[in-house]
Amino acid sequence: MLIVIGSARALPGRRADLVSAARAVATQSRADEGCESYGFYADLTDDETILSVEIWRDQAALDAHMEHPHTQEFLAAAGSLVDGTPTMHFHTVAD
């Protein structure tokens with residue numbers, strides 16, 4: 001199992017746009033083969049920061065997800081909505 005934890009800070013005034021894009025990709029990604037869980041969450045200490053938690057069956061499932069049009073569209077949109085570079089941490093967990 002592969003767990004991906006991410007964090008991104010919205011540009012000033014762009015949080016609603018980032019949340020909208022995140023909702024759309026989450027809905028579609030949950031149907032991806034090998035997706036166990038996929039969601040975005042609010043940081044309780046910083047209103048502009050959005051956290052992501054994804055759980056994938058394996059690396060192959062995540063790799064396939066990254067190639068889907070809905071993922072590519074989200075990444076393109078998020079590039080103009082976030083302040084700086086988002087962080088992503090990957091954790092392999094034995095079942």
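Predicted model: local features only at pLDDT ≥ 70, side-chain atom pairs only at ≥ 80, totals over all residues.

Visitor: How do the residues of the lining of the largest pocket divide into nonpolar, polar and charged?

Guide: Residues are numbered from 1 along each chain as its sequence is written, and side-chain values use heavy atoms, with hydrogens and water left out. As to classes, Ala, Val, Leu, Ile, Met, Phe, Trp, Tyr, Cys and Pro count as nonpolar, Asp, Glu, Lys and Arg as charged, and the others, Gly among them, as polar. The lining here holds 17 nonpolar residues, seven polar and one charged.

Visitor: What is the volume of the largest pocket?

Guide: Rolling a probe the size of a water molecule over the atoms shows where empty space is left. On a 1 Å grid over the protein atoms alone, a cavity is a set of points where a 1.4 Å probe fits but cannot get out; a pocket is an open set with protein on both sides within 12 Å along at least five of seven lines, and lining residues have an atom within 4 Å of a point. Grid points are joined across faces, edges and corners, and the volume is the space filled by probe spheres set on the points. The largest pocket comes to about 390 Å³. It is lined by 25 residues, of which F40, S52, F74, L75 and M88 are the closest to its centre.

Visitor: Which helices and strands each supply at least two residues of that lining?

Guide: Helices (H or I, at least four residues) and strands (E, at least two) are DSSP runs, numbered from the N terminus. The strands β1 (2-9), β2 (35-42), β3 (49-56) and β4 (87-92) each do so, as do the helices α1 (15-29), α2 (59-67) and α3 (69-78).

Visitor: Is S52 buried or exposed?

Guide: Buried means under 20% relative accessible area, exposed over 50%, and partly exposed in between (1.4 Å probe, protein chains only). S52, a residue of strand β3, counts as buried because its relative accessibility is 8%. Leaving aside residues up to four places away in sequence, S52 touches V4, I5, G6, G39 and F40, where contact means heavy atoms within 4.5 Å.

Visitor: How are α2 and α3 placed relative to each other?

Guide: Axes are lines fitted to C-alpha atoms, for helices over the stretch in contact, and angles run from 0 to 180 degrees between N-to-C directions. Angles under 35 degrees count as roughly parallel, over 145 as roughly antiparallel, 65 to 115 as roughly perpendicular and the rest as oblique. The axes of α2 and α3 come within 5 Å and cross at roughly 65 degrees, so the two helices are roughly perpendicular. H65, M66 and E67 of α2 meet P69, H70, T71, Q72 and L75 of α3. By class, this contact has three nonpolar, four polar and one charged residues.

Visitor: What does M1 touch?

Guide: M1 is placed in the segment before β1 and, at 32% relative accessibility, counts as partly exposed. Not counting residues up to four places away in sequence, M1 touches I55, W56, R57, H91, T92, V93 and D95. D95 itself lies in the segment after β4 and is exposed, with a relative accessible area of 84%.
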